[in-house]
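Hi,

Here's the structure I promised to send over. Have a look at it first, and then read on for what turned up.

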Amino acid sequence: MIFRSPKSVYFGNQSLNNLGAILKELGIKKPLIVTDKFLSGSALMDKVKNPLEESKVAYGIFDETMPEPTTKSIDNLREFFAKDNYDGLVAFGGGSAMDSAKALAVMETFGGQYRQWHVPNTPNDDVKYPIIAIPTTAGTGSEVSNACILKEDSGEKLIYLGASCVPAAAIIDYEFTLDMPAKLTAAAGIDALAHALESYISRGANPYSDAMAIHAMKLIGPNLRKVYNNPHDSEAREAVMIGANQAGYAFTSAGLTLVHGMSAPLGGLFHIQHGLSNAMIMPAVHRYSLKHELPRYAEAARIMGLVDAKASDNEAGQALIDELSALNKELNIPTLEEFGVDKEKYFNSLELMAKQALASGAPQLNPIVPNEQELVELYKEIWNERW
């Protein structure tokens, strides 16, 4: 069992005031803030810049990160990074900003080609440039996780999983999520739930990951609808933010399973945002795995409050699958067809997606490990999913 974590994690309102002290602790004298255009022009950016300026810390801003970062976008980031003597990174944004910073740190430390560090070859050594992660979404858990995902020009996703991708520090404040659009709230929240549930039913589950996954499901399950329908429900926002963080810890220890293994090629080929692609396939994939780990699925339903303690495992397991479909419906998650995925291209890509899913390594941690043909059949079933 391995449990990896940043050196320090600051929680709660005003925790960003610790940014100057964290930089000093990590020996960072000139950080580069990695973010996007929207955040760089928002009032939230002032909350990041103010403690730097109060501490008289020189910094730069790269605001050209993109959703689902590509190797080309990381090339642009590396070119910008090389223009000055930056010695650390502040990743400010959602998973894309954090993945961009992680990819930069890995490539600038270890060199080589992007594909060279695809699983299972991601280094476990420290990177030269420490990352301070400040999430503005409640979903990826990337601020504490060992994961990073990039997309190649072909659409294939490169997955990095290793200690080199764990940030050195994280600052977590739910107030950054209060103005998240409803669609992003839904996709990010279901992604966090996916992390917690997959960690719990993973073959790599262990007492440490279980503790985090269980509490994450308790926080996310009852509050996801609340933050979608009432974005300024501070109590619910804080619960989902902490739950997403704990789910990040859980999957870093236990590993992810078939949902994430199958969603990566689906998202890469059809340009579907990561959390959204997870949501689209969760009901079918967990229905497929249910009978092979029924006691755990049933307990997850009880943890989330979907059934009472007297419900049988069969009743509880079915309630969980029904809940995943209900969540998709109530949070307006589109089906593949509604999203606009081309049916002909989809069915012509079945074998390719199956091969890429297996290559990710995630299916090997699923309660039942499918072969390539079984994955093809499961992708066919996913096309027909309706909430």
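Helix α15 passes α16 in a right-handed crossing (a crossing is left-handed if the near helix is turned anticlockwise from the far one by less than a right angle, and right-handed if clockwise). Before going further, the ground rules: this is a predicted model, where local features need pLDDT of at least 70 and side-chain atom pairs count only at pLDDT 80 or more, while totals for chains, interfaces and linings use all residues. Residues are numbered from 1 along each chain as its sequence is written, and side-chain values use heavy atoms, with hydrogens and water left out.

Back to that pair. The axes of α15 (residues 350-359) and α16 (residues 372-383) come within 9 Å and cross at roughly 120°. Axes here are lines fitted to C-alpha atoms, for helices over the stretch in contact, and angles run from 0 to 180 degrees between N-to-C directions. The two helices are therefore oblique to each other (angles under 35 degrees count as roughly parallel, over 145 as roughly antiparallel, 65 to 115 as roughly perpendicular and the rest as oblique). Helices (H or I, at least four residues) and strands (E, at least two) are DSSP runs, numbered from the N terminus.

On the α15 side, the contact is made by Leu350, Glu351, Met353, Ala354, Lys355, Ala357 and Leu358, and on the α16 side by Glu372, Leu375, Val376, Tyr379 and Lys380. Contact means heavy atoms within 4.5 Å. By class, the residues split into eight nonpolar, no polar and four charged; Ala, Val, Leu, Ile, Met, Phe, Trp, Tyr, Cys and Pro count as nonpolar, Asp, Glu, Lys and Arg as charged, and the others, Gly among them, as polar.

Next, α6 and α8 (residues 234-254): their axes come within 8 Å and cross at roughly 40°, so this pair is oblique too. Here α6 passes α8 in a left-handed crossing. Thr185, Ala192, His195, Ala196 and Ser199 of α6 meet Arg237, Ala244, Ala247, Ala250, Phe251 and Ala254 of α8. That contact has seven nonpolar, three polar and one charged residues.

**Two buried residues**

Glu198 also sits in α6 (residues 182-201). Its relative accessibility is 0%, so Glu198 counts as buried (buried is under 20% relative accessible area, exposed over 50%, partly exposed in between, with a 1.4 Å probe and protein chains only). Leaving aside neighbours within four places in sequence, Glu198 is in contact with Gly255, Leu256, Thr257, Leu258, Val259, His260 and His286.

Val144 is found in the loop between β5 (131-135) and β6 (147-151), and Val144 is buried as well, at 0% relative accessible area. Val144 and Ala169 are 25 residues apart in sequence and 8.0 Å apart in space, C-alpha to C-alpha.

**Salt bridges**

How many salt bridges are there? The count comes to 17, taking a salt bridge as a side-chain nitrogen of Lys or Arg within 4 Å of a carboxyl oxygen of Asp or Glu.

Arg225 has a salt bridge with Glu323, the closest N and O atoms being 2.8 Å apart. This pair links distant parts of the chain, with Arg225 in α7 (residues 207-229) and Glu323 in α12 (residues 313-330), 98 residues apart. Arg225 is partly exposed at 22%, whereas Glu323 is buried at 11%. Arg225 also meets Glu330 in a salt bridge (2.6 Å, N to O); Glu330 is in α12, 105 residues from Arg225. Glu330 is partly exposed at 42%.

Asp46 pairs with Lys49 at 4.0 Å between the closest N and O atoms. Both lie in α3 (residues 43-54), three residues apart, about one turn of the helix.

The peptide bond from Val119 to Pro120 is cis, with omega near 10°, and Pro120 lies in the loop between α5 (95-110) and β5.

His271 has a positive phi of about 55° although it is not a glycine. This residue is in the loop between α9 (258-270) and α10 (274-289) and is exposed at 57%. Asn332, with phi near 60°, is another non-glycine residue with a positive value. Asn332 is in the loop between α12 and α13 (336-339) and is exposed at 56%.

Cheers
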